[in-house]
Amino acid sequence: MKKILIVDDEPNIVISLEFLMKKEGFEVAVAADGDEALSRAAAFSPDLILLDVMMPKKSGFEVCEALRADPAQAALKIVMLTAKGRDTEVARGLAIGADAYVTKPFSTKDLVVRVKELLGLA
Amino acid sequence: MKAKARFLIAVVVLGLLMTGPFIVTSFLVWVDMKEGERLMLTELLLSRLPLGTTMTLFGFTIGCFVLHKLFKQYVEGLLGMGEQLRLMLGANRNFRVKQEGPPEVQQLAQAANDLAAQRDALMSDVEAQIAEAKASVEEEKNRLAALMSELAQAVVVCNLDGRILLYNNRAKLQFKALSQGPTSVAGGALIGLGRSIFSILEKNQIEHSREVIRQRLAAGKTPIANFITTARGGQLLRIQMVPVLAAAGEEGQEAAMSGYVLTVENITRSLEEESRRDQALHDLTEGSRAALGSIRAAVANLIDYPDMDVELRERFVKVVDDEASRMSRKLDQTMHDFADSMKSRWPLEDVLAIDIVAAAQRRIEDRLHLPTKTEEIDDTLWIKADSFSLVFALVFLASRLQDHYAPRELRFRIINDGKLAYLDLIWAGPAMSSETFYTWEGESLQAHGETSSLTLREVIDRHGGEIWYQREKAAHRAFFRFVLPVATPTAELPEERRSTGRPEYYDFDLFNFEDQTIDLDRKLSELVYTVFDTETTGLEPSNGDEIIQIGAARIVNNRLLKQETFNQLVDPERPLRPESIPIHGITEDMVRGQPNIDIVLPAFHAFCEDTVLIAHNAAFDMRFLQLKEERTGIRFTQPVLDTLLLSAVIHPNQESHKLDVILERLGIVIDARHNALEDAIATGEVFLKMVPLLEEKGIVTIRQALEAAEKTYFARVKY
């Protein structure tokens, strides 16, 4: 079973994502900020991470950079979720190594399709 | 031949006439005589020789005396009269030849005076007509000036060299408020007719706007260009440029630009409100995304999985309820903030990315002394930016890099990626940690003494841009990438062609002025001058006498500008000499508390920049200035003209060249004298009268004037 780590400080979106991903048959873990995300990523070793950009402690960009700098996480897929919809920010996310960039609000169906594609399940 | 030489020849001829015939006759008789006769004659002559010689000498002396008298009365008298006639012809029409000397000379003088009277009658008739025509032109100019002075906007008109031809009061106030440092002494000398606009505004930006206008003209669009610039003290100015077009010669030919009009608006004060508005809008859009995202996901789950258990269903419904009310509150708050803030937008202007880079390079090299280079540069890429804060951000990063990693050089790169522009600041060196970069991102911008209230992050947000740090591992170097939105020029329809007629109110000769860096072969009538005078504690600069006042005015385009003056008392930091107080009328009370020469001299130096100096008896004033060179580091290297010497060039046979005497001789009436500014203005009037007189003598260029002045007798008297 593929493992997904959900990182967001907003419980209201986490609850939906967690429910959705479990229904789609993934094993799910949750982290509420950047620091927790890094420790969870190490312990849980997910296949894919849904990463919010705007978070306390460490931003999603920082987490992404840290993960990409870690050779142990080379196979990890990173999907960035953000409330900022600017082209410039998307460009930044992709430049520092995110695999996909999804802007809130998003369609849950599209998100599932995207996740499955990245994990080679589609 | 000089009159003196002619007089000497006449004396010699007189001597020869009186002695020649006797000597020749004696010689012939001597040759003819026999030995006995010769002896007898010698004896006869030798005994009477003293008497003969005395008589001859007596006659010669009387002859010389008469000759001298005649010479004085006729030759020198006529020479003097000739000079007076020239005066009457040119500088001073009301001058009349003095009736003195022998009757024949007096008759000549009378006739000349009668002729002058006749000429005056004719000329006043012509002048009346000219005056009438001039008055109507003057009225038009005044109407324009009145119109401009009424404008609430600051307006400056310049020719293509950036020389100011016209400005209104608002512009003067605007720029005066910006002036700092020495130029604010004595009323701020930043703005003035004939001065360069580049001392106030960035030359590159002006040149760039001119190019924009040229292109728009060629494309048949409205010729207008805007830019935002920072003046001294970090003030933000929004400048709009429109061209002044010369009358088109041929039908259908492009109207050439002969100058431009700048309207200047200080937008610094509105910044804070604008940024608040920006923040509000930002909160509204981006703040809603998260809430909407939660709602959408929860609703999708509710719809997609209708058979979920009750507890879960309730949790999702609660999410929707929570987020919906949070969004409502946020909306209210944002609308409230929005209503408070300004209506106008944050001023992002279309700029060429390469201009931003060029400005940043110049600053980094000037301020940080760090070499810069460019790599891949897309020089056609336009971005939407506030050039000031963006350049500041680049300089800030450069300064941080210099402090932490001491790179040998910085490089810039501009890449066009469709809708986005990449502006990279590259350096070679070890990897930096992301933490460091995030710290810098949150710091207020500051570099080399300048600070901004904005952080790097805020500047980037304001541009709707992004910035990140990235490594080029292979090249062992790293870069900061600024991502900025590309400006897409709005398509505009070509307008109807403007009428190419000469604009009614623009009739200023200055439009034809070319650059005026001082060239010694330029005509005297074309140069820009600073006429000045100093008052001093005494006459001996090398003995501790000091300057107590400097007064100066400018001459531009053959006009003395009495509004653009420099008038400053100076604290000499030593007691005044009581005997000098009646001369200059300046008392101890007046000079105490005034700036000292260390402050005034740089201001005066700035006032005189790029001009030729003029003073009466300039050697005296220049000596005082030169004695301060070492202490203040200020040197006056421009050419200096002396009206005293020029007067001696024009009227070598007049005895006095004092300023008062020259004023009277040239028919100049001055209200007040003996204050430095008034004397400077009087000197200026004298100089303007002298220009045509010098031309009559074949002295046209400044080089010729300097050479002629050097040859006069007075030039040899040095202080």
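Angles under 35 degrees count as roughly parallel, over 145 as roughly antiparallel, 65 to 115 as roughly perpendicular, and the rest as oblique. The structure is a predicted model, in which local features need pLDDT of at least 70 and side-chain atom pairs count only at pLDDT 80 or more, while totals for chains, interfaces and linings use all residues. Residues are numbered from 1 along each chain as its sequence is written, and chains are lettered from A and ligands numbered from 1 in the order in which they are written.

Chain A contains 5 helices and 5 strands, where helices (H or I, at least four residues) and strands (E, at least two) are DSSP runs numbered from the N terminus. Along the sequence, these elements of chain A follow the pattern β-α-β-α-β-α-β-α-β-α. Of its 122 residues, 48% count as buried; a residue is buried if 20 or more other C-beta atoms, placed from the backbone, lie within 10 Å of its own, exposed if 12 or fewer, and partly exposed in between. Two residues are in contact if their C-beta atoms, placed from the backbone, lie within 7 Å. Among contacts in chain A between residues at least 6 apart in sequence, 57% join residues at least 24 apart.

In chain B, one open sheet of 5 strands has the order β2-β1-β5-β4-β3 with antiparallel pairing; strands pair if DSSP finds at least two bridges between them. The edge strands of this sheet are β2 (164–167) and β3 (225–230) of chain B, each of which pairs on one side only. From one strand to the next, the twist averages 25°. Strands β1 (residues 154–159) and β5 (residues 257–266) of chain B are joined in the antiparallel sense over 6 bridges, and Ala154(B) stands opposite Val264(B) in β5(B).

A second open sheet of 5 strands in chain B has the order β7-β9-β10-β14-β13, with mixed pairing. Its edge strands, β7 (372–377) and β13 of chain B, each pair on one side only. Strands β9 (residues 410–417) and β10 (residues 420–428) of chain B run antiparallel and are joined by 7 bridges. Within β10(B), Tyr422(B) is the bridge partner of Ile415(B). Helix α9 (residues 387–405) of chain B lies across β9, β10 and β14 of chain B, at about 20° to β10(B); axes are lines fitted to C-alpha atoms, for helices over the stretch in contact, and angles run from 0 to 180 degrees between N-to-C directions.

Helix α9(B) also meets helix α8 (residues 353–368) of chain B, their axes coming within 9 Å and crossing at roughly 45°. The two helices α8(B) and α9(B) are therefore oblique to each other. The residues of this contact between α8(B) and α9(B) comprise 10 nonpolar, 3 polar and 2 charged; Ala, Val, Leu, Ile, Met, Phe, Trp, Tyr, Cys and Pro count as nonpolar, Asp, Glu, Lys and Arg as charged, and the others, Gly among them, as polar.

The contact between the chains takes 26 residues from chain A and 27 residues from chain B. On the side of chain B that touches chain A, α6(B) supplies the largest share, 11 residues. By class, that side of chain B has 12 nonpolar, 7 polar and 8 charged residues. Helix α4 (residues 87–95) of chain A lies across β10, β13 and β14 (477–485) of chain B and runs at about 25° to β13(B).
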